[in-house]
Amino acid sequence: MLNHILATLLPVFLIAGCGAAYGRFRTPDIRSLNTLNMELFVPLLVFAVLADRQAPLADYAWLALAAACVVLGSGLVLWPLVKWLKLDVKTFLPPMMFNNSGNMGVPLIVLAFGEQALPAAVVVFIVEMLLHFSVGLYMLDPRTPLWRLLKMPIVFASLLGLGVNMGGVPLPGWLLEAMHMLGGVCIPLMLFALGVRLLEIDFSDWRTGMLGALLCPLSGLVIALPLMWLLPLEPLQLAVLLVFAALPPAVLNYLVAEQYKLSPHHVASLVLIGNLGSLIVMPLTLAAAFAWFYAPL
């Protein structure tokens with residue numbers, strides 16, 4: 001099991017490390033790179049996975065529900081604690097709810113459980129993204145129009161892919177293969193961009209960052225563990241849900257806080273120290289996930 005954990009995590013940290021090393025010397029325009037990824041490569045991957053009729057999406061309904069419960073439930077669990085500690089709800093709570101299912105989650109799940117886990121990884125990623133750009137933006141500004149969701153390429157690709165799959169529309173194999181190849185670019189690119197972002201860590205608010213690094217995976221697991229017993233999930237989906245619940249805060253939280261001018265430097269500490277904390281959290285989580293996957297109840 002130790003070899004499997006190392007084989008999963010080392011490529012993740014190596015690619016992120018390459019991003020950090022390159023960013024140290026070259027200062028790449030990571031925002032443009034992320035825009036290209038989120039507007040082209042990620043939507044292509046999402047569409048290709050969802051439109052492929054070999055992936056029966058109805059089998060992932062319970063997993064999608066569980067992922068939504070983890071995102072929303074972690075916020076409900078932590079809200080009283082955040083109020084008691086007198087932390088800024090708009091600054092602290094969203095990073096605890098909306099995890100790094102893109103930059104870290106998709107690559108980690110695929111490396112851990114193989115290509116067979118890609119549909120499940122995409123499903124939990126889409127759930128997290130949809131909630132982030134609906135509930136998350138509403139938390140920051142209740143006046144945010146939800147129709148903005150339809151302008152996002154990843155949402156459009158999700159709806160189109162679901163329509164093709166459920167409608168039984170046949171797509172030529174060469175087209176799906178081309179989309180999978182282009183979409184596959186997004187996985188290492190996500191990790192590379194994460195490594196570049198790690199250079200922006202602000203340790204001036206390290207206490208809050210450490211608190212977030214602990215509470216983000218803990219709150220997700222508090223919600224996920226009962227669901228793993230209550231919902232009829234297959235062993236692979238159980239493992240994916242466990243990894244999803246323990247992921248650190250999404251880098252996107254920092255970009256959104258910057259857009260809304262809500263203490264982006266504090267959010268950066270929460271996000272980036274939380275991702276550093278995953279060096280400890282993820283090996284332990286993967287050990288448990290492999291136990292679920294390879295020794296199902």
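Read from one end of the sequence to the other, the protein chain runs α-α-α-α-α-α-α-α-α-α-α-α-α. That pattern comprises 13 helices and zero strands, where helices (H or I, at least four residues) and strands (E, at least two) are DSSP runs numbered from the N terminus. What you are looking at is a predicted model, in which local features need pLDDT of at least 70 and side-chain atom pairs count only at pLDDT 80 or more, while totals for chains, interfaces and linings use all residues. Residues are numbered from 1 along each chain as its sequence is written, and side-chain values use heavy atoms, with hydrogens and water left out.

Let's start with the overall form. Along the principal axes, the C-alpha atoms of the protein chain fill a box of roughly 55 × 45 × 40 Å. The radius of gyration of the protein chain is 18 Å, which agrees with a compact globule, because one of 297 residues would have a value near 19 Å; the radius is taken over C-alpha atoms, and the globule rule is 2.2 Å times the number of residues to the power 0.38.

How does the chain pack? Of its 297 residues, 54% count as buried, meaning under 20% relative accessible area with a 1.4 Å probe, protein chains only. Among contacts (heavy atoms within 4.5 Å) with a separation of 6 or more, 86% come from residues 24 or more positions apart.

Now step inside. A search of the whole structure finds three cavities of 30 Å³ or more. On a 1 Å grid over the protein atoms alone, a cavity is a set of points where a 1.4 Å probe fits but cannot get out, and lining residues have an atom within 4 Å of a point. Grid points are joined across faces, edges and corners, and a volume is the space filled by probe spheres set on the points.

The largest cavity holds about 80 Å³ of space. It is lined by 13 residues, and K90, P94, L140, N253 and A257 are the closest to its centre. At least two lining residues come from each of α4 (89–97), α6 (118–140) and α12 (252–260). The lining has eight nonpolar residues, four polar and one charged; Ala, Val, Leu, Ile, Met, Phe, Trp, Tyr, Cys and Pro count as nonpolar, Asp, Glu, Lys and Arg as charged, and the others, Gly among them, as polar.

The second largest cavity has a volume of about 40 Å³. Its lining includes V70, M96, C216 and A245, and α3 (61–84), α4 and α10 (206–230) give two or more residues each. By class, this lining has six nonpolar, four polar and no charged residues.

Methods
1 Å grid on protein atoms, 1.4 Å probe; cavity = no way out; pocket = protein on both sides within 12 Å on 5 of 7 lines; lining within 4 Å. Buried < 20%, exposed > 50% of the residue type's maximum accessible area, 1.4 Å probe, protein only.
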